[in-house]
Amino acid sequence: MVKNLSFSYSKMGMYKECPQKYKFRYVYMIPEQPKYYFAFGTALHEVMEYIYNPEAPSFPTLQQALSFFENHWNKTSFEQKGYASVEKELAGYAEGRRIIEAYYAKHAAAFFHPLSVEMKSTLEMDGLNLVSILDRIDYLGDGKIKILDYKTGKTVQREPDQLYMYQKVVENSPTIKKLVLQKDPSVKELKVGQLSFYHLPTLQEMTFERAPDKEIFEFWQGVLNIADQIRAGKFSPTPGENQCRWCDYRNICPVFTGKDYTPSSAKTAAQPAPAAGPSAAEAQPEPEQELLSRKIDRCGALLDEAKALQQEIIALMKKNQFERHFGKNYQAELSRIEKLEFTDKEKVVELLRTLKLLAKVLVPTQSTVAGLLADESVPAEAKAKLQQFAKTSQEFQLHLHKTE
Ligand code: SF4
């Protein structure tokens, strides 16, 4: 019998982001490094679970919720949480307290017991074991339920895959139906009435209607298709500036190392892959076309990242008014370039014709026309007329030099 594939919304998200990353994480089981935003989110989810615990006879006071948060927070060090320093961890702690206080000020008077909190649901369906953690489920009556998901990031936006996944899970879950039947034995069919994202930092709730069955059907075909690709072992990397930049597996990823990864060569993503002996892949030379494709992808990904880093460095140096700054091995210098841009190309060409300067530029481009303004043989009056069509802007260029 074929074993069900264990699957979830986050696994699907990772596969869509990059199948190679999925392979590192879920096939080779190499853990990612701790991320402070996950630790922060988990701490606040725990507090919400504590507040709304359906088993508790009464709701905790603000002081109790703050103490609960503090105890949870202090169980791990700043490094274990993924913060870069104690100062940053303290800032995270202060932000957590601020959110809890604001939450109480807004909602404490209307606290109620939901149907369930932080429910881990595993649903067997179409060859999948679908695992979901549902932050809060409220019963709206008449067989309808509301699913609420807490968000703790900087912003919150509609994530259709997550909403669809929740709807699919909740409407097919025998465990949730059993809970509803305990409240309301007359219910025949379970339906999602509302899906909400609740953004804790701003206390804003985004509510969505139940998706039509047709959309859920199409979504589900997509899920099954991804599951088929995973079963078929399709894990080609899909490099891109955003996903590679924050990826913990870069140091072992074939796009960046130029080599296939062998699972025995590293235990954690934080450790660089040690130089292994010749692998089977090395023993049989890779076809040149594949090698070339891989090198093109690798080069493109590195160039994309370098461009994005340059823009960030320029922005930071401008903001701090630095003209020069030092890294450990490189020094960066910023230079300003005045750029002339000629608007209304047709009028410029017409003017050049009238001024009998067209022959001088051969092809009138931005730079050849700009060159006329620096040309000593062009009369000042003609330059003044041309200047009327020129717009000056400033561009910053970054120069990196290796320090001695
Ligand atoms: S570094 Fe980029 S291509 Fe490689 S696994 Fe990570 S996201 Fe995928």
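Modeller: Welcome! Domain bounds here come from an automatic or database domain assignment. This is a predicted model, where local features need pLDDT of at least 70, side-chain atom pairs count only at pLDDT 80 or more, and totals for chains, interfaces and linings use all residues. Residues are numbered from 1 along each chain as its sequence is written.

Colleague: Thanks! Which residues make up domain 4?

Modeller: The assignment gives domain 1 (33-110), domain 2 (116-222) and domain 3 (237-262 + 284-319). Domain 4 then covers residues 330-402.

Colleague: Where does the largest nonpolar core lie?

Modeller: A nonpolar core is a set of buried Ala, Val, Leu, Ile, Met, Phe, Trp, Tyr and Cys residues joined through C-beta atoms within 7 Å; buried means 20 or more other C-beta atoms within 10 Å of the residue's own, with C-beta atoms placed from the backbone. The largest one has 41 residues, with Leu44 and Tyr166 among those with the most contacts inside it. Domain 1 and domain 2 both give residues to this core, so it lies between them.

Colleague: And which residue in β9 is the bridge partner of Arg336?

Modeller: Strands are DSSP runs (E, at least two residues), numbered from the N terminus, and two of them pair if DSSP finds at least two bridges between them. An open sheet has the order β7-β8-β9 with antiparallel pairing, and 13 bridges join β8 (residues 330-342) to β9. In β9, the partner of Arg336 is Phe396.

Colleague: What is the mean pLDDT of the chain?

Modeller: pLDDT is the predictor's confidence in each residue, from 0 to 100. Over residues 265-283 it is below 50. In the chain, 93% of residues reach 70 or more, and the mean is 86.

Methods: Buried ≥ 20, exposed ≤ 12 C-beta atoms within 10 Å, placed from the backbone. Contact = placed C-beta atoms within 7 Å. Helix = DSSP H or I, 4+ residues; strand = E, 2+ residues; numbered from the N terminus.
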